[in-house]
Amino acid sequence: MDYLSVEEARDLSGLKLVLTGGVPGPWSEAAKALFNHHQVPFHPVLQVGGQSNDALVAWTSHRNAPVAVWNDEAPRVRSMEILELAERLGSGQSLIPEDRETRIRMVGLINEMAGEQGFAWHCRVILLDAWASQNDQAGQDANPMFKEYGYDAKTVEQSISTADSFLEGLASDLHQSSEGYLVGEQFSAADLYWAYFSNLLNPMPHDVNPMPDRLRQSYELPAKRLQPYDPIVVEHRDRMFKRHLILPLSF
Ligand SMILES: N[C@@H](CCC(=O)N[C@@H](CS)C(=O)NCC(=O)O)C(=O)O
């Protein structure tokens with residue numbers, strides 16, 4: 001993917017979508033997929049993982065990605081506000097269920113995957129634990145991710161058990177699903193989110209997900225510390241890509 005720098009992008013009109021470059025970061029991939037689903041063109045803007053991203057902070061007050069900026073409206077960073085923007089600007093089938101109970105479950109599930117203290121947050125703690133063993137304190141201080149994402153060696157076991165119980169719940173939801181979707185009977189934003197977030201559990205193969213080897217090894221680490229998981233959670237991801245989403249990933 002060709003990225004603009006913050007300086008090149010910030011005064012453009014339309015949608016500017018800041019994405020972590022060179023990695024299939026699930027938050028960025030899911031945001032991109034929401035706008036692709038709704039056929040909203042965007043200017044991809046580069047965020048560099050693990051760096052201070054000073055120009056981005058000066059522009060949006062955020063250091064990480066994704067950040068969606070529509071014209072000169074306030075930057076949007078959370079999953080629900082990015083989803084709502086994509087629904088507002090775009091066309092095509094809504095990813096938000098009409099039924100009230102189903103919609104509430106969808107919002108909750110996305111938060112369980114992508115929110116603070118959600119599944120991916122805890123997988124990242126497991127990754128940071130591995131990186132911590134390869135970096136001295138100065139190395140850790142140089143990477144803002146350690147502090148921002150709450151890395152503390154003492155809480156890693158708790159992260160592992162929270163991620164395990166999320167996966168158990170997800171598998172149980174899928175066993176009860178009549179059409180193979182996470183909520184309701186049709187494709188929703190929860191399915192889209194899990195399709196990308198499942199890469200932190202089981203990265204898709206190189207031909208559709210061309211990650212550098214070292215990064216792939218990092219993404220494979222969480223599963224090594226988690227309980228064996230029910231394959232239904234990965235089968236769901238593969239089905240969503242077959243039916244609804246674009247491959248290969250491009251980042
Ligand atoms: N803003 C998102 C979270 C975004 C997030 O965690 N981004 C990570 C994805 S791994 C990121 O940018 N990592 C690279 C970095 O922190 O430099 C939310 O609130 O839901």
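User: Which residue in strand 2 stands opposite Leu17?

Analyst: First, this is a predicted model, where local features need pLDDT of at least 70, side-chain atom pairs count only at pLDDT 80 or more, and totals for chains, interfaces and linings use all residues. Residues are numbered from 1 along each chain as its sequence is written, and side-chain values use heavy atoms, leaving out hydrogens and water. Strands here are DSSP E runs of at least two residues, and helices are H or I runs of at least four, both numbered from the N terminus. In strand 2, the residue across from Leu17 is Pro44.

User: How many bridges join strand 1 to strand 2?

Analyst: Strand 1 covers residues 15-20 and runs parallel to strand 2. Two strands pair if DSSP finds at least two bridges between them. For strand 1 and strand 2, the number of bridges is 5.

User: Which strands stand at the edges of the sheet?

Analyst: The open sheet has 3 strands in the order 2-1-3, with mixed pairing. Each edge strand has a single partner strand, so one side of each is left without a neighbour in the sheet; these are strand 2 (43-47) and strand 3 (67-70).

User: At roughly what angle do the axes of helix 9 and helix 13 cross?

Analyst: Helix 9 spans residues 156-175, helix 13 spans residues 232-243, and their axes come within 9 Å. Axes are lines fitted to C-alpha atoms, for helices over the stretch in contact (heavy atoms within 4.5 Å), with angles from 0 to 180 degrees between N-to-C directions. Among the residues that meet are Leu167 and Leu170 in helix 9 and Ile232 in helix 13. The crossing is at roughly 65 degrees.
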